[in-house]
Amino acid sequence: MLINNLFNEFQYDEAVAITKVAKLNKDMLREKRIIIAGLESWTLTQQIVGSFLALNDRFQLHIEVIVLGDNARTVHESSPIFLREEVKCMGLDAVHCLNSADYLVYTGICNKKGSDAVINGQVEDIEKVMEIASWLQVKRAVLLSDYRAYQQVPRNVVVSEREYSEQKLERQTGVKRIEEAWREKADLSGVVWVILRAAIGLGGCSDFDSHPLHELFQKAGQGEEISFALNDNKYSFVAIHDIISATVFSLSECKAGECYNVVGEEATVNSFD
């Protein structure tokens, strides 16, 4: 079944955007096995999977996608896109049945709120993911991180299309810890790595975190000062399909062992510094 029958119109538009990128090296993706590990950011995971399937539909690349979660049933039930023939859903403990893979992408908590427990769980999961990457001898492992790693986001700002975030310092530090764990575990496992730090994600049905206005008005009702933007700060926004395009390019085009910012055209230095 084609993805236009599995996604709504907004999700479909985001998924097929990658097929229109002129500089895309399609031969690099042909007949490759790509693992997407998305234990928290399921919405972003399904959009990335959908983009690989769109490439299959348009160019017959025969990309095989392995989606990892806590267990196969949980993955299957999270999105109809995972029911496509070239998608296999697996729990972390079932990967031993594979003998190889070409690339691995870990969606982490990119543009997702994360409690301290979630962040600690992510650090623990990275060790498992790196063991898998090493076992399968992937060519490259990519972590999707975001702007919070710079620890410069003030509190009480609407920071995404559907996200109102308190952005407490420890949460920003937590994203940094996830990145540090990624580098450390990759180096210990001999895995080639790349980190992408996405700006604030915008896009139809991105649904990273919901009901920001409810929280916004609740804070206002409690007398707490809030704002959508601060005059002395600048923010960089990026469309979801650009995050996906950057992910695809990072599999081979980006220099390994580096962090890259995924930002909009108008991004300024102080968007991240």
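First, the ground rules. This is a predicted model, where local features need pLDDT of at least 70 and side-chain atom pairs count only at pLDDT 80 or more, while totals for chains, interfaces and linings use all residues. Residues are numbered from 1 along each chain as its sequence is written, and side-chain values use heavy atoms, with hydrogens and water left out.

Let's start with the sheet. Helices (H or I, at least four residues) and strands (E, at least two) are DSSP runs, numbered from the N terminus, and two strands pair if DSSP finds at least two bridges between them. Seven strands make up an open sheet with parallel pairing, in the order β3-β2-β1-β4-β5-β8-β11. Which strands stand at the edges? They are β3 (87-91) and β11 (259-262); each has a single partner strand, so one side of each is left without a neighbour in the sheet. From one strand to the next, the twist averages 20°; for angles, axes are lines fitted to C-alpha atoms, for helices over the stretch in contact, and values run from 0 to 180 degrees between N-to-C directions.

Looking at one pair, β5 (residues 140-146) and β8 (residues 193-198) are joined in the parallel sense by six bridges. There, Val142 sits opposite Val194 in β8.

Helix α3 (residues 42-59) lies across β1 (33-37), β2 (64-69), β3 and β5, and runs at about 170° to β2. Helix α8 (residues 240-250) lies across β4 (103-106), β5, β8 and β11, at about 165° to β8.

On to charges. Counting a side-chain nitrogen of Lys or Arg within 4 Å of a carboxyl oxygen of Asp or Glu, the model has 10 salt bridges.

How exposed are the partners? Buried means under 20% relative accessible area, exposed over 50%, and partly exposed in between (1.4 Å probe, protein chains only). Arg84 and Glu86 form a salt bridge with their closest N and O atoms 2.6 Å apart, and both residues are buried. Arg30 meets Asp27 at 3.5 Å, N to O; Arg30 counts as partly exposed because its relative accessibility is 34%, whereas Asp27, at 54%, counts as exposed. Lys255 and Glu258 meet at 4.0 Å, N to O, with Lys255 exposed at 58% and Glu258 partly exposed at 33%.

Notes:
Contact means heavy atoms within 4.5 Å.
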